[in-house]
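I'll jot down what I look up as I go.

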Amino acid sequence: MVPEKFFRALREYDVPEILRTPLTTLYLKAKGIADGLSEVVANDEELQQQLSLEAATPGELLKQLLAPPMTEAIDAAVYQLAQLAVLTEESPKSKVTVLGRLALMLPLDIKLCRLVWLGCHFGCPAEAVVMAAACSTASPFANPSRLGFQDPDEFTQHLADTAEAWRFFDAGHFSEPIALFRLFLGWLRRLKLTPVRSGTTKRW
């Protein structure tokens, strides 16, 4: 049961997931499909008509969706992918770079894939993978909500404890990825010092 005012303010339908997915990731996946599809439909007009494709391009594929994104949004995604060096140029005919192929294989945001890629280039792939994985999950630090506390002083104390934990692991770098990486290293050290007990598991 909810208040009538709240109920009347609800949308008739949820926003389609396709419109909630980062368009850069969606465009890159469509690009991967289009590259293979273009070779199939290149000289087959009948197949093009069956697929309702004027050309096997990512934009044409995205237009086949039930809730297709706007052309301006697609152009913006292409521009962003070119700026991130995922595509060779800002064009539907551009090629997918090595970074782009990596992004197609990893279940990460494109910027985090770039972090892994740069880590490999600079000789620290393990560190980059840990930071990318940590940034792609929920924060391991407590995130207290005012709704969960009746005593304002207790809520303030929990906020202070969380801020102090962040400050300790950040160690003056002012970087969330580095703080998470240092936390991971602390967890590894503790894991090595903790005796193994039967029937217990230790999770990050």
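This is a predicted model: local features need pLDDT of at least 70, side-chain atom pairs count only at pLDDT 80 or more; totals for chains, interfaces and linings use all residues.

I started with burial: 28% of the 204 residues in the protein chain are buried (buried is under 20% relative accessible area, exposed over 50%, partly exposed in between, with a 1.4 Å probe and protein chains only). Residues are numbered from 1 along each chain as its sequence is written, and side-chain values use heavy atoms, with hydrogens and water left out.

**Overall make-up.** I looked up the secondary structure and got eleven helices and zero strands (DSSP runs numbered from the N terminus: H or I of at least four residues for helices, E of at least two for strands). The accessible surface of the chain is about 14800 Å², and carbon and sulfur atoms hold 58% of that (Shrake-Rupley method, 1.4 Å probe; for residues, only the protein chains shown count as cover). I also checked contacts, meaning heavy atoms within 4.5 Å. Of those with a separation of 6 or more, 44% join residues 24 or more positions apart.

**A helix pair.** How do α8 and α9 pack? I found helix α8 (residues 110–121) and helix α9 (residues 125–135) at an angle of about 170°, with axes 7 Å apart (axes are lines fitted to C-alpha atoms, for helices over the stretch in contact, and angles run from 0 to 180 degrees between N-to-C directions). So α8 is roughly antiparallel to α9, a label for angles over 145 degrees. Among the residues making the contact are Leu112 and Leu115 of α8, and Val129 and Met131 of α9.

**Thr162.** Is Thr162 buried or exposed? I read a relative accessible area of 14%, so Thr162 is buried. Thr162 sits in helix α10 (residues 152–170). Leaving aside neighbours within four places in sequence, Thr162 touches Phe141, Ala142 and Pro144.

**Phe7.** I found Phe7 in helix α1 (residues 4–9). Phe7 is exposed, at 54% relative accessible area.

**Two positive phi values.** Which phi does Ala85 have? I noted about 65°, positive although Ala85 is not a glycine. Ala85 lies in the loop between α6 (71–83) and α7 (98–105), and is partly exposed at 29%. Phe174, likewise not a glycine, has a positive phi near 55°. I placed Phe174 in the loop between α10 and α11 (176–193), and at 79% relative accessibility Phe174 counts as exposed.

Technical notes
Angles under 35 degrees count as roughly parallel, over 145 as roughly antiparallel, 65 to 115 as roughly perpendicular and the rest as oblique.
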